[in-house]
Amino acid sequence: MSELPAGWARATLGEIGVLYTGQSPSADTVNQEARGTSYVTGPEQWDGSAFHKPKWTTDPRRIVPEGCIFITVKGGGVGKTFPGIPAAIGRDIYAYRPSAELDFQFILRTIAYRASEIIEHAQGDIPGLSKHHIEGYSAAIPPASEQRRIVALLEDVSARIDLSRSELRKIAPLVDQYKLNLLRSAFRGELTAEFRDEHELEPVSRLLGRVKEPEQARGGRQATNEVIAGRGGIAVNNPGTALPAGWDWVPLLRIARQETGHTPSRSHPEWWRGDVPWIGIPDANRHHGGVIDDTLQTINDAGLANSSARLLPAGTVVLSRTASVGYVAIMGREMATSQDFVTWSCTSALDPKYLMYALLSEGDDIRDFGRGTTHTTIYFPEIRAFNIKLAPLAEQREIVRLVEDAFARVSYLAGEVERSLQLVDQAEQRILARAFAGQLVKQDADDEPADILLDRIRKMRTIPVVDAPKPPKAKTVKTDPKQALLTDSADWPEKGLAFETIAQRVVLPYGDVRAFRTAERQITQVDAGVRQG
């Protein structure tokens, strides 16, 4: 154990505060609508500054007092800490209330900073902390005045760090927006305006005259006649948008063979784990906007032979069209795909990367070509009607070069931002380490030493928990009903009582009262006979 700074002392959390465990109320008394007692179940209700998504219970089993620190003690969030409120707490939460002699924020920050040391004791398949693990943790405590100085400086530094982190995090969405704007500019012909002026280019109309139309697979639904204008380089049918000189709107079926894929039956494991790469949605997600060289799953020749999947050539462009619509990539080698994709194998009139960037230029707006509210799907009538803003072949390659150069520069800047965020996190951890080692603020010889403070706390640390009021228990009958009836009958008049009156005076089953009344009559008759004799 490292040596403590002057005036500091050690104490367990159990010695300087009180720990309350949670007691979850019954499920039917908890909701977000009815007001009652606040009910906290985990850190997901704390957004860093206040509680949100409130839960309430009308039947709290226990209400923890004000001035507590909530600690998650079970599950994936084990060890997370956040300020508490007077509330009922679930079983996955403990509430720790430090002594009022200590600075609340200092103890909160100490527990948060040392959380990794505390959760080393978490046990079980679902990690969990016990009460004695938390109460037994030994914390380094400075004098009270120094606690306040440390907190004041940390709050100032934290505010600056949070501002820096917030500004850096704004850059990532700007990078994505920059890439999208760049692509849309490219397919308006703006990136290559000077290139067109400086080069004599073969117009698309002449290019198509010398490139044979590819053969398409037979069958399936026909292309729609509906026109849907895109935002970038793609549209459903020709929207008639003006294009730069030498460009044309061209149906993709004219310059690429369009196909789809299939999934071999999972009930035949012998068709899987072969040497044929097979693209699924996770692969397209990981390689969105790039080249796929390897896939998470593979099939074999038998899988190809026993399904509609087909081995497609390197350079084929894939677009996810169902569920996760809009992932675009290029095959780095021969591959097959699932039915979630539409594919295009390009002729010599179309650069595959140019097609990929045209599809990417639609961004999330590519869903406008599909249908469905919960799960959008782009159906084949629309896919077979896809048109592309086709530039002359040399200009296609120049657009690809300019786009990739710009993307490389902005990706480098994005990487620098990520490195800066890591440096900010590291700086924050170094500051916290200095704070809790007594190296952030100067010690003051006039401060009351922590050992005196801790001795005083140990003597007066008991803080009561507020138990929710319990409903009164129903009174139980301690006297046997039959005995009560016998006792009561001693005061009856000589002629007895009506049966209905007896039933109202005692709690006894109908049959028992009737039997007792009959026996009483018999006894009376025998007694009368003895007297007459």
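The expected span of a helix is 1.5 Å times one less than its number of residues. The views below show a predicted model.

**View 1. Helix H5 spans close to its expected length.** H5 runs over residues 144–169, 26 residues in total.

**View 2. H5 has a set of buried residues.** Among them are Ala144, Gln147, Ile150, Val151 and Leu154. Further along come Ser158, Ile161, Arg165 and Leu168. An α-helix has 3.6 residues a turn, so residues three or four places apart point the same way. The buried residues of H5 pack against four helices and a strand: H2 (104–113), H6 (171–186), H14 (393–435), H15 (450–459) and strand E11 (138–141).

**View 3. The largest pocket holds about 620 Å³ of space.** Twenty residues line this pocket, and Thr81, Leu108, Arg109, Ala112 and Glu428 are the closest to its centre. H2 gives the most to the lining, with five residues. Strand E8 (81–83), H5 and H14 each supply at least two. By class, the lining has nine nonpolar, seven polar and four charged residues.

**View 4. The second largest pocket holds about 530 Å³.** Of its 19 lining residues, Leu180, His288, Leu360, Gly363 and Asp364 are the closest to the centre. H6 supplies the largest share of this lining, five residues. Helix H12 (352–360) supplies at least two. Nine lining residues are nonpolar, six polar and four charged.

**View 5. The chain has 18 helices and 23 strands.** Of its 533 residues, 42% are buried. The chain exposes about 29200 Å², and carbon and sulfur atoms supply 50% of that area.

Notes. Residues are numbered from 1 along each chain as its sequence is written. This is a predicted model: local features need pLDDT of at least 70, side-chain atom pairs count only at pLDDT 80 or more; totals for chains, interfaces and linings use all residues. Side-chain values use heavy atoms; hydrogens and water are left out. Buried means under 20% relative accessible area, exposed over 50%, partly exposed in between (1.4 Å probe, protein chains only). Contact means heavy atoms within 4.5 Å. Accessible areas come from the Shrake-Rupley method with a 1.4 Å probe; for residues, only the protein chains shown count as cover. On a 1 Å grid over the protein atoms alone, a cavity is a set of points where a 1.4 Å probe fits but cannot get out, and a pocket is an open set with protein on both sides within 12 Å along at least five of seven lines; lining residues have an atom within 4 Å of a point. Grid points are joined across faces, edges and corners, and a volume is the space filled by probe spheres set on the points. Ala, Val, Leu, Ile, Met, Phe, Trp, Tyr, Cys and Pro count as nonpolar, Asp, Glu, Lys and Arg as charged, and the others, Gly among them, as polar.
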